Amino acid sequence: MDIERTEIHQVIDELNMTYGKTNDINFDLLKWETHSAPGISKEYTQQLINEDIGNDYDIFLGILWNKFGTKTKIADSGTEEEFHHALKRFESGENIQILFYFKSEPIPFDKIDPEQISKINKFKEYLREKK
């Protein structure tokens with residue numbers, strides 16, 4: 001998924017130069033790697049990321065391929081926990097868009113983890129049910 005993580009920066013730049021400039025809007029890419037500091041927590045590590053990222057975003061964009069992620073205290077991965085946080089905001093009436101994409105490119109044999117694939121498929125089914 002490394003190429004997607006690189007290319008998303010180019011997409012954000014293009015959006016800012018086109019749509020953003022003409023509509024007086026600025027898009028910022030918030031990622032745990034750049035917007036959260038390492039640290040320790042009395043609760044759990046994902047909570048630090050949640051607090052650092054906060055609620056100051058209008059679009060939640062999730063992308064999954066071959067890895068669902070690391071289990072947190074309250075979800076099967078940080079991505080899932082972040083998604084549920086955004087979904088809760090949406091369901092409470094906040095003006096937030098939620099976009100989720102799944103890469104369909106074949107997974108190299110040495111990167112196949114049946115447990116991770118199972119979690120991704122379970123999450124996809126959950127999203128289908130939620131519509």
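Strand 1 gives the nonpolar patch its largest share, three residues. The patch consists of Ile59, Leu61, Ile63, Leu99 and Tyr101, and together they have about 410 Å² of accessible area. Patches are made of residues with over 30% relative accessible area and no salt bridge, where nonpolar side chains (Val, Leu, Ile, Met, Phe, Trp, Tyr) are joined within 5 Å and like charges within 9 Å. Accessible areas come from the Shrake-Rupley method with a 1.4 Å probe, and for residues only the protein chains shown count as cover. Strand 1 (59–64) and strand 2 (97–102) each supply at least two residues of the patch. Tyr101 sits in strand 2. Its relative accessibility is 47%, so Tyr101 counts as partly exposed. Buried means under 20% relative accessible area, exposed means over 50%, and partly exposed lies in between (1.4 Å probe, protein chains only).

This is a predicted model, in which local features need pLDDT of at least 70 and side-chain atom pairs count only at pLDDT 80 or more, while totals for chains, interfaces and linings use all residues. Residues are numbered from 1 along each chain as its sequence is written, and side-chain values use heavy atoms, with hydrogens and water left out.

Now take the whole chain. The protein has five helices and two strands. Along the sequence they follow the pattern α-α-α-β-α-β-α. Helices (H or I, at least four residues) and strands (E, at least two) are DSSP runs, numbered from the N terminus. The C-alpha atoms fill a box of roughly 45 × 40 × 35 Å, taken along the principal axes. Of the 131 residues, 29% are buried. The accessible surface comes to about 9600 Å², and carbon and sulfur atoms hold 52% of that surface.

Contacts tell how the chain folds back on itself. Contact means heavy atoms within 4.5 Å. Among contacts between residues at least 6 apart in sequence, 59% join residues at least 24 apart. Gln46 belongs to helix 3 (residues 45–53). Its relative accessible area is 9%, so Gln46 is buried. Leaving out residues up to four places away in sequence, Gln46 touches Thr72, Gly78, Glu81 and Glu82.

Next come the charges. The protein has 17 positive and 25 negative charges, and their mean positions are 5 Å apart. Lys and Arg count as positive and Asp and Glu as negative, while His and the chain ends are not counted. The place of a charge is taken as NZ of Lys, CZ of Arg, CG of Asp or CD of Glu.

Side chains of opposite charge can pair when their charged atoms come close. The structure holds seven salt bridges. In a salt bridge, a side-chain nitrogen of Lys or Arg is within 4 Å of a carboxyl oxygen of Asp or Glu. Which residue forms a salt bridge with Lys103? The partner is Glu4, with the closest N and O atoms 3.1 Å apart. Lys103 lies in the loop between strand 2 and helix 5 (114–130) and Glu4 in helix 1 (residues 2–23), so this pair ties together parts that are 99 residues apart in sequence.

Glu115 and Lys119 meet in one, at 3.5 Å from N to O. They are four residues apart in helix 5, so about one helical turn separates them. Lys119 counts as buried, because its value is 18%.

Arg128 and Glu125 form another salt bridge, with the closest N and O atoms 3.3 Å apart. Both lie in helix 5, three residues apart, about one turn of the helix. Arg128 is exposed, with a relative accessible area of 53%. Glu125 is partly exposed, at 38%.

Asp24 is in the loop between helix 1 and helix 2 (32–35). Most residues other than glycine have a negative phi. Phi of Asp24 is near 55 degrees, a positive value in a residue other than glycine. Asp24 has 77% relative accessibility, so it counts as exposed.

Pro106 is in the loop between strand 2 and helix 5. Pro106 is exposed, with a relative accessible area of 67%. Pro106 and Asn66 are 40 residues apart in sequence, and their C-alpha atoms are 9.1 Å apart in space.
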